[in-house]
Amino acid sequence: MQRQDLNHNNAEMTMEPRVAELQSHLKDIRQDMEDVRSEVRSIKHRLAYCAGGTAVLLGVLGWIANSRFDQLVTLLLAH
């Protein structure tokens, strides 16, 4: 029985560093995942900002084109 206890204790001693290493890797993976989530949020906000800016720019260009359309036609037909 004593030999069996010795083998069990020896197995526990060899497993402990492995478990600690796995826990460390898991902690690193969780931190990396949190970093990725943060970057994805940042990209979403940038895309929304760019889409809003593009919509405003197209609206302004459309308004200018609409208000100057008759002058543009006259200019094109004059040449």
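Tutor: Start with Asp-28, which is partly exposed because its relative accessibility is 43%. The classes are buried (under 20% relative accessible area), exposed (over 50%) and partly exposed in between, with a 1.4 Å probe and protein chains only. This is a predicted model, where local features need pLDDT of at least 70, side-chain atom pairs count only at pLDDT 80 or more, and totals for chains, interfaces and linings use all residues. Residues are numbered from 1 along each chain as its sequence is written, and side-chain values use heavy atoms, without hydrogens and water.

Asp-28 sits in helix α1, residues 2-67. Helices are DSSP runs (H or I, at least four residues), numbered from the N terminus. Asp-28, Asp-32, Asp-35 and Glu-39 form a negative surface patch. Patch residues have over 30% relative accessible area and no salt bridge; like charges are joined within 9 Å, nonpolar side chains (Val, Leu, Ile, Met, Phe, Trp, Tyr) within 5 Å. Asp and Glu count as negative, placed at CG of Asp or CD of Glu.

Now the salt bridge (a side-chain nitrogen of Lys or Arg within 4 Å of a carboxyl oxygen of Asp or Glu). The whole structure has 1. Glu-34 and Arg-37 make it, at 3.6 Å, N to O. They are 3 residues apart in helix α1, so about one helical turn separates them. Glu-34 is partly exposed at 36% relative accessibility. Arg-37 is partly exposed too, at 44%.

Trp-63 also lies in helix α1. Trp-63 is exposed, with a relative accessible area of 62%.

Definitions and conventions: Areas by Shrake-Rupley, 256 points an atom, 1.4 Å probe, with all protein chains shown as cover. Helix = DSSP H or I, 4+ residues; strand = E, 2+ residues; numbered from the N terminus.
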